[in-house]
Amino acid sequence: MAPMKMFITDLDGTLFRSDRRACDKALARLDHLGRMGVIRVLATGRSLFSLQRSLASPLPVDYLIFSTGLGVAKYPEPQGRTLKTDGFTVSDTRFIVSVLDQLELDFMLQHAMPDNHVFSYRHAGHAGPDFLTRLNYYQGYHRPLDSRRADLPPASQFIVILPDVSPAAIIDDLRRRLSMYSIITCASPFDGKSLWIEIFPRSVSKGRAADWLARRLGILPRDAAAVGNDFNDEDLLTWAGRAFVTANSPAALKERFQVVASNDGGGVYEAIEALLTA
């Protein structure tokens, strides 16, 4: 596999199968990479809180890129020893809330780190059942947002869950109005179908977080490999020297990157095997 020094995998729809469990063969191969001295990184859209709730046991990885690059942590130390975090200023938070209110979008304002699993929300009923699914999943960790209050909570990110009507037009409008921020689309980790928009500071993405971690460890992008399945993995895949997407990825990604088996078919295992035999 030399000179590969870092292997990065997404979680939902990539390492996780549809039953939200990892393929045993992929886990065994990740363990093998660790014994070879390869740095293993999990790059997920989940917060540390959500990740801990979803795992029955620790994964064989060394670092976490969580919340789509909002933070980087050492793993599997308790709670993850956080190495880097980001977030919005108060003025940025107020501006984004005003734009989302004007567009009458249903959204969640994730509170500042380390409590970014706690959120305030605006729900006008346009987003469909996936919005309520997320409210139920985080029962006890959210409250309605009063946009008129001057003391809005500090935000780490926003999640907009789109209605089925004209999602492309809404995305284009948000990219125009919020061009100074990072706007990332992805499929819902709950139903795998609903479209989410995640809004971050411009400096936040999986690829930027991977580059920060690699520099810290003295690893060049050409010596890193990554595998993903959605548009929130795109800049990470572009950054890495070797990049793979699972067969359940959107067609636009499969046109650009090497395709391996689906998440249910052991795609991460297949990607590691391709690297080991290169």
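Helices (H or I, at least four residues) and strands (E, at least two) are here DSSP runs, numbered from the N terminus. The model is predicted, and local features need pLDDT of at least 70, side-chain atom pairs count only at pLDDT 80 or more, while totals for chains, interfaces and linings use all residues. Residues are numbered from 1 along each chain as its sequence is written, and side-chain values use heavy atoms, without hydrogens and water.

I began with the sheets, where two strands pair if DSSP finds at least two bridges between them. Strands of a sheet pair through backbone hydrogen bonds, either parallel or antiparallel. I found an open sheet of eight strands, in the order 5-4-3-2-1-12-13-14, and its pairing is mixed. Strand 5 and strand 14 (258-260) stand at the edges with a single partner strand each, so one side of each lacks a neighbour in the sheet. From one strand to the next the twist averages 20° (angles run from 0 to 180 degrees between N-to-C directions, with axes fitted to C-alpha atoms, for helices over the stretch in contact).

At one end of the order I followed the antiparallel pairs. Strand 3 (residues 63-66) is joined to strand 4 (residues 71-74) by four bridges, and L64 has A73 as its bridge partner in strand 4.

Which strands does helix 2 touch? Helix 2 packs on the sheet against strand 1 (6-9) and strand 2 (39-43), and its direction makes about 140° with that of strand 2 (contact means heavy atoms within 4.5 Å). Helix 10 packs on the sheet as well, touching strand 1, strand 12 (224-228), strand 13 and strand 14, with its direction at about 155° to that of strand 13.

I then looked at the two helices together: helix 2 (residues 24-35) and helix 10 (residues 267-276) pack at an angle of about 40°, and their axes are 8 Å apart. From helix 2 the residues K25, A26, R29, L30, H32 and L33 take part in this meeting, and from helix 10 they are V268, Y269, I272, E273 and L276.

I noted another open sheet, in which six strands follow the order 8-7-6-9-11-10 with mixed pairing. Its edge strands are strand 8 (142-144) and strand 10 (182-187), each of which pairs on one side only. The twist averages 25° from one strand to the next. Strand 6 (residues 107-111) and strand 9 (residues 155-161) run antiparallel and are joined by five bridges, and H111 stands opposite A155 of strand 9. Helix 6 (residues 167-177) packs on the sheet, where it touches strand 10 and strand 11 (195-200), and its direction makes about 5° with that of strand 11.

A pocket is an open set of points on a 1 Å grid over the protein atoms alone where a 1.4 Å probe fits, with protein on both sides within 12 Å along at least five of seven lines, and its lining residues have an atom within 4 Å of a point. The largest pocket has a volume of about 700 Å³ (the space filled by probe spheres set on points joined across faces, edges and corners). Of its 38 lining residues, D12, A187, S188, P189 and F190 are the closest to its centre. At least two lining residues come from each of helix 1 (11-15), helix 5 (129-137), strand 9, strand 10 and strand 11.

The second largest pocket has a volume of about 260 Å³. Of the 13 residues that line it, R175, S182, I183, I184 and F231 are the closest to its centre. Which element gives the largest share of this lining? Strand 10 does, with four residues, and helix 8 (234-239) supplies at least two.

Most residues other than glycine have a negative phi, and most peptide bonds are trans. I therefore looked for exceptions to this. S67, which is not a glycine, has a positive phi of about 50°; S67 sits in the hairpin of strand 3 and strand 4, which has four residues between the strands. The peptide bond from Y75 to P76 is cis, with omega near 5°, and P76 lies in the loop between strand 4 and strand 5. The bond from M113 to P114 is cis too, with omega near 5°, and P114 belongs to the loop between strand 6 and strand 7 (119-122).
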